[in-house]
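Subject: Two-chain model, handover and notes

Hello,

The structure is pasted below, and my notes follow it. Please read them with the coordinates open.

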Amino acid sequence: MKFLRNKIDQLKKPFGKGEKWEKFAPAINALDTFLYVPNHTTKKGAHIRDAVDLKRTMITVVLALVPALIYGIYNTGYQYLHQLNGGDVAFMEAFTHGLWKVLPMIVVSYAVGLTIEFIFAVYRGHEVNEGFLVTGLLVPMIMPVDIPLWMIGVSVAFAVLIGKEAFGGTGMNILNPALLARAFAFFAYPTYMSGNKVWVSEATNVDAVSGETILGSLAAGHDVHFSMFDMFSGAIPGSVGETSTLLILVGAAMLIFTGVGSWRIMLGGIIGGSIMGLLFNAWSANDLMSFPWYQHLLVGGFAFGIVFMATDPVSAAQTTKGKWIYGILVGFFCIMIRVFNPAYPEGVMLGILLMNVFAPTIDHYVVEANIKRRKKRLAASKLKTA
Amino acid sequence: MSKKAEKSPIFLFVSEEKEPLFSKQNRQLVSDPLNDNNPITVQVLGICSALAITVQLKPAVVMTLAVMAVLAFSNVIVSLIRNLIPSRIRIIVQLVVVASLVILVDQVLKAFAYDVSKQLSVFVGLIITNCIVMGRLEAFALGNGPWKSFLDGIGNAAGYGLILIVVAFFRELLGSGKLFGLEVLGHKGVTLAESTGLYALGYENNGFMLFPPMALLTVGILIWIQRSRNRKLIEKE
């Protein structure tokens, strides 16, 4: 370890204060803090610094994403080969095909996003922010596999520029950047983001493929030919990383266990979604409405969105009570948009973005209510002593 | 009106002394609204029409000319009668002047450019509620001579039009791949093989650009660029 430390210190030399490449220090500092806990100290306020800084929090989320990502890569290949040949597919064969498809998406997403982050870090003179570690992995996981790579690049650029840098960088954004990237792609290039051709890789080359998602079939009034177990395990067409509810739950367990993700928001989302699903089941006016409420929680991006997107600590509500309200409303709106507007079968994206906007308002009223309650208590206690 | 506009030096002089037609101050009346005192990006006036008619360049240009005509002549007329208007009813007098000019412009458009006037639909009529028009009448024409008011009207309409045209340029280019209706990026066929230009490489039009939110975002980006280049526009806290 000493060797590595010395090597980095040596490497850092020309980037030091007053040295030749001082301006580009954020790049080398990013590498340093990626490997070691930063050695700067707090200047004011509380003097306790936790070793678990933003970078390590973000890495936890990335690790939690890995199971779903690996399954997503496998599923990409599986869907393609299954539609092509039918029958069972060998794991490695499917995984290799999927990797060929998904890896470039991840590379493009990171390359574009980190380049913009780096330019702003040098321009504004602050460190490169870690937030993009997660965003850069989330974006390819919520895109359809066949989307052209340049569209991912444009969407990521939009999300980082308008969603984050315009508001002042990491920690200041109102909307979840990864979802913003997806929303941008969805409205800008709708033919590549919905329909029945984009969810299975190279579906256009395979004749007679019915590669629509479950929600897509429901909205179009087709029969769903997937079992409940398929929906849970994830062997269904969909965006790259969102299909397997099982492995998303593994990720959720990691987030809750490490305290990185809020279980209140996750549970709230499931409660809200279930209530809305039950209401629609009771109404039952069309196929989407009579789709069983528990299956609503399994299909589409619901699980992925609730676990990895809604819990984004920056754009979610901050107060404990606010988290409950926020989570329940997220679940509520996800299912509502999904069912009421078949043109947007993926209501999860819009539901979470909508609640992101309202999160500060929720927090405001929770705080105000608390102040009011405490004032009342104070007045009551004064009355008693008087 | 924003505080900035009132503090700006051009509102301080009301002198009527003789000066050359295109003195430095007069030139500033035209050039100031193009950048430092832009009605859209600095004073944030006239946003609604900027969002509504910037999908294509042609209507944006026509709208600019229409606003320019209305703003310049209403400024001149109000400036000429500024000493006759009782200040209690000045708003209604200004409205009558503006409304008559807007009707004139609307009729001219209908007569000579019918399809563009169809595209602009209610937004020609809505020039009357464009905050820039009333803003300039109140802030400038009521206190200045006709020539200065005319220049002020031209300048502010040009500042408004500049933003409109820049926004429309990007929205039409990125949203439908055209400029003034010409396919500058190549022709998009049904299949890749039938396409030419950029479309043959797999390029796609950005449908988001056609939605009004993108106009707002484009204006926002323009404001961002303008303020990072022109530091004095940034408010002190």
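I start with A:His296, which is buried at a relative accessible area of 0% (buried is under 20% relative accessible area, exposed over 50%, partly exposed in between, with a 1.4 Å probe and protein chains only). This is a predicted model, in which local features need pLDDT of at least 70 and side-chain atom pairs count only at pLDDT 80 or more, while totals for chains, interfaces and linings use all residues. Residues are numbered from 1 along each chain as its sequence is written, chains are lettered from A and ligands numbered from 1 in the order in which they are written, and side-chain values use heavy atoms, with hydrogens and water left out.

A:His296 and A:Arg338

A:His296 lies in helix α14 (residues 293-296) of chain A; helices (H or I, at least four residues) and strands (E, at least two) are DSSP runs, numbered from the N terminus. Not counting residues up to four places away in sequence, A:His296 touches A:Leu288, A:Phe291, A:Phe302, A:Ile335, A:Arg338 and A:Val339, where contact means heavy atoms within 4.5 Å. One of these, A:Arg338, sits in helix α16 (residues 320-340) of chain A. The A:Arg338 side chain reaches the backbone oxygen of A:His296 at 2.8 Å. A:Arg338 is also buried, with a relative accessible area of 1%.

Annotated segments of chain A

In UniProt, an unreviewed entry annotates "transmembrane region" over residues 58-81, 102-123, 143-162, 235-258, 265-285, 291-311, 323-341 and 347-367 of chain A. UniProt positions are given in the numbering used here, feature names are shortened, and annotations may be inferred rather than shown by experiment. Residues 291-311 of chain A are 57% helix and 0% strand, with the end C-alpha atoms 26 Å apart. For residues 347-367 of chain A the values are 100% helix and 0% strand, and the end C-alpha atoms are 29 Å apart.

The unreviewed UniProt entry also lists A:Thr213 for "modified residue: FMN phosphoryl threonine". A:Thr213 is in the loop between α8 (190-193) and α9 (214-220) of chain A. It is buried, with a relative accessible area of 15%. Leaving out residues up to four places away in sequence, A:Thr213 touches A:Trp199, A:Pro237 and A:Gly238.

Nonpolar cores

A nonpolar core here is a set of buried Ala, Val, Leu, Ile, Met, Phe, Trp, Tyr and Cys residues joined through side-chain atoms within 4.5 Å. The largest has 101 residues, of which A:Leu65, A:Phe304, A:Phe308, A:Tyr326 and A:Ile352 touch the most other members. Helix α3 (residues 54-85) of chain A gives the most to this core, with 13 residues. A second, separate core has 37 residues, including B:Ile53, B:Val67, B:Leu164 and B:Val167.

Leaving aside neighbours within four places in sequence, A:Ile352 is in contact with A:Leu179, A:Gly305, A:Ile306, A:Met309, A:Ala310, A:Tyr326, A:Val330 and A:Cys334.

Chain B

Chain B has 10 helices and zero strands. Its C-alpha trace spans about 70 × 45 × 30 Å along the principal axes. Of the 237 residues of chain B, 46% count as buried. Among the contacts in chain B with a separation of 6 or more, residues 24 or more positions apart account for 74%.

B:Ile225 is in helix α10 (residues 212-229) of chain B and counts as partly exposed, at 43% relative accessibility. B:Ile225 and B:Leu142 are 83 residues apart in sequence and 33 Å apart in space, C-alpha to C-alpha.

Two backbone angles may be worth a look. Most residues other than glycine have a negative phi. B:Val44, in the loop between α2 (24-31) and α3 (47-52) of chain B, has a positive phi near 50 degrees. B:Phe180 has a positive phi of about 50 degrees and is found in the loop between α9 (146-176) and α10 of chain B. At 49% relative accessibility, B:Phe180 counts as partly exposed.

Interface between the chains

In all, 14 residues of chain B are in contact with 15 residues of chain A. The buried area between them is about 1,000 Å², of which carbon and sulfur atoms give 71% (buried area is the accessible area, 1.4 Å probe, that two parts lose on being put together, summed over both). On the chain B side, B:Glu204, B:Phe208 and B:Trp224 lose the most area to chain A, together 49% of what that side buries.

There are zero salt bridges between chain B and chain A, a salt bridge being a side-chain nitrogen of Lys or Arg within 4 Å of a carboxyl oxygen of Asp or Glu.

Regards

Key. Polar contact = N/O pair within 3.5 Å; in protein donor to acceptor, adjacent residues only side chain to side chain.
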